[in-house]
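Let's take a walk through this model together, one stop at a time. Have the sequence and the 3D view open as you read.

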Amino acid sequence: MTRSTASLPPDYFDGIYAGNPDPWGFTTSAYEAAKYDATLAALPRNTYDEALEVGCSIGVLTRRLAERCTRLLSLDVAETALEAARARCADRPHVSFLRAAVPDEWPPGRFDLILVSEVLYFFTRADLARLAGHMARAVKPGAEIILVHWTGETNYPLSGDDAVEALIAGTAGTLAPHHQTRTESYRLDVLRAVDP
């Protein structure tokens, strides 16, 4: 399997959603539901004041995450996915959505929680370094970063393991690994902002 040598562009995702409104089976997959349960169970706090979700897709996890956040900003690069996410979370006024192609576009503000699920392997190491810089500057003291990534083979620029390890290395000194869980299909990493 040949890996892409560039970060996947926005039109790649626009094309995926044009062909299927739920291309990864987020609404129907038992695997996804169990992974979402594990993700929420891994959150060290009951509630977060300011949370950021990078790569919200159609908002299935967003809706569940919103129950644990006072304010939640969810990003995605595909407008079709964002439309579905907005509709799914229409009764959650504390959730806002923004079309943004990270790392080129990054929202202002600082956060207690940043969730990045099934996204990092879409980027090259250079773009992951830029993303790590944004994240390191965007965390409040004691903030947590949750990374959840499939570890199987893909044709994306990086494997799940390589992408997560690159982000951990890129945030060293600002974020430190706090907890990790591995299944046969994915890894879930909790990082925590270290005291300056």
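Start at S7, whose side chain makes a polar contact of 2.6 Å with the side chain of D127. (A polar contact is a pair of N or O atoms within 3.5 Å; within protein, one must be able to donate a hydrogen and the other to accept it, and residues adjacent in sequence count only if both atoms are side-chain atoms.) Before going on, a word on what you're looking at: this is a predicted model, where local features need pLDDT of at least 70, side-chain atom pairs count only at pLDDT 80 or more, and totals for chains, interfaces and linings use all residues. Residues are numbered from 1 along each chain as its sequence is written, and side-chain values use heavy atoms, with hydrogens and water left out.

Back to S7, which sits in the segment before α1. (Helices, H or I with at least four residues, and strands, E with at least two, are DSSP runs numbered from the N terminus.) A polar atom of the S7 side chain also lies 2.9 Å from the backbone nitrogen of T124. Leaving out residues up to four places away in sequence, S7 touches F122, F123, T124, D127 and P157, where contact means heavy atoms within 4.5 Å. S7 counts as buried, at 19% relative accessibility; buried means under 20% relative accessible area, with a 1.4 Å probe and protein chains only.

Next, hop over to D189 in strand β7 (residues 186-193). D189 is buried too, with a relative accessible area of 3%. Its side chain has a polar contact of 2.8 Å with that of R187.

Now for a helix. Which residues of α4 are buried? In this helix, residues 79-88, they are A81, L82 and A85. Seen down the axis of α4, these buried residues fall within an arc of 100°, so they line one face of the helix; the arc is that of the directions from the helix axis to the C-beta atoms. An α-helix has 3.6 residues a turn, so residues three or four places apart point the same way. And what do the buried residues of α4 pack against? Their partners are α1 (10-19), β2 (69-76) and β3 (95-99).

Methods. Buried < 20%, exposed > 50% of the residue type's maximum accessible area, 1.4 Å probe, protein only.
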